[in-house]
Amino acid sequence: MDLRDARVLLTGASRGLGAAMAREFAARGSHLVLVARSQGPLRALADEVGGTALVADLAEPHQRDGLVARAEAADGRPVDVLVNNAGLVEVGPLAEASAESLARQLAVDLAAPAELIRQALPGMLARGRGHLVTVSSLQSTTPTPGCTAYGASKAALSQLQAILRLELAGTPVRTTLVSPGPVATDLWDDLEGSSYLQPFFRRLRRLGVVATVDPVDLARSVVDAVERDRRHVRAPRRAAGLLWFNEAPRRLVELALRGVRFDE
Ligand SMILES: NC(=O)c1ccc[n+]([C@@H]2O[C@H](COP(=O)([O-])OP(=O)(O)OC[C@H]3O[C@@H](n4cnc5c(N)ncnc54)[C@H](OP(=O)(O)O)[C@@H]3O)[C@@H](O)[C@H]2O)c1
């Protein structure tokens, strides 16, 4: 998609990967509507990139309701690119999690992205233009103890995106799945700092398999992928093989169903 003057709705924009992607989209001429809870950082970034801040808690169903319509009303233009980036992990074994924590993670990590896609898609299909970016994780395929709701949500998001690709075959709406390993942001600091995960990280370090990705580099790869209609962004490179194993059955089904339309 040509990103000059494109309208991008980006969740989880107040820091980390989301803030880096906002700057990268803006550098390519896109106009942004930024969503998160933290009003101060969100407004400051909106001022910096010349976009609009929409403060919302995506864990709250009533704040998700009509969010795409509110973004379009605030901006005066339809959404061309929806980036579902907001994510939340609260580390600990499921046996010790509160009902609220479990529900909050499933809401932010799974229900919110699915709901925003549901809201954005009809308009994109009607206008014949749209791109859906879904930020999943390497944890969609590699299990991490203490991250039950998060990892399960990311696995579901990756499958959601694969099914969506079948539903969208033959339409002009494109998708990009982002599956990063560790990215140097607050979320990663929280994982690394968690006492529950220390034995996990000790073992991974001994095996020499932990490599962090710079959020600015990853943001550039994601925005490149939207510009060039690429379906998958994987980082770091050394983790790509693991993701390929998981993707293989999805690719096979896509191949088997090539040319089949489901909207007739
Ligand atoms: N960092 C990693 O190692 C890593 C690896 C793989 C995938 N990812 C994924 O990358 C994405 C970005 O994460 P990050 O690393 O940039 O984490 P981060 O620095 O913690 O940022 C998370 C973003 O999500 C927003 N968010 C969290 N809860 C929210 C809620 N209830 N309502 C609205 N917004 C909410 C936060 O904003 P507020 O707190 O202001 O609401 C923040 O802008 C996530 O989907 C994450 O799962 C990260």
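Which backbone atom lies 2.9 Å from a nitrogen atom of the ligand? That would be a polar backbone atom of Leu 58. Keep in mind that this is a predicted model, where local features need pLDDT of at least 70, side-chain atom pairs count only at pLDDT 80 or more, and totals for chains, interfaces and linings use all residues. Residues are numbered from 1 along each chain as its sequence is written, and side-chain values use heavy atoms, with hydrogens and water left out.

A polar side-chain atom of Arg 15 lies 3.1 Å from an oxygen atom of the ligand, and a backbone N or O atom of Asn 85 comes to 2.7 Å from a ligand oxygen. On its own the ligand has 880 Å² of accessible area (Shrake-Rupley method, 1.4 Å probe), and the protein covers 97% of that.

Now step back to the whole shell. There are 30 residues around the ligand (a heavy atom within 4 Å), and the closest include Arg 37, Ser 38 and Tyr 150. Helix 7 (a DSSP run of H or I, at least four residues) provides the largest share, three residues.

The largest holds about 90 Å³, and helix 6 gives the most to its lining (an atom within 4 Å of a point), with four residues.

Conventions:
Polar contact = N/O pair within 3.5 Å; in protein donor to acceptor, adjacent residues only side chain to side chain. Helix = DSSP H or I, 4+ residues; strand = E, 2+ residues; numbered from the N terminus. 1 Å grid on protein atoms, 1.4 Å probe; cavity = no way out; pocket = protein on both sides within 12 Å on 5 of 7 lines; lining within 4 Å. Points joined across faces, edges and corners; volume = space filled by probe spheres on them.
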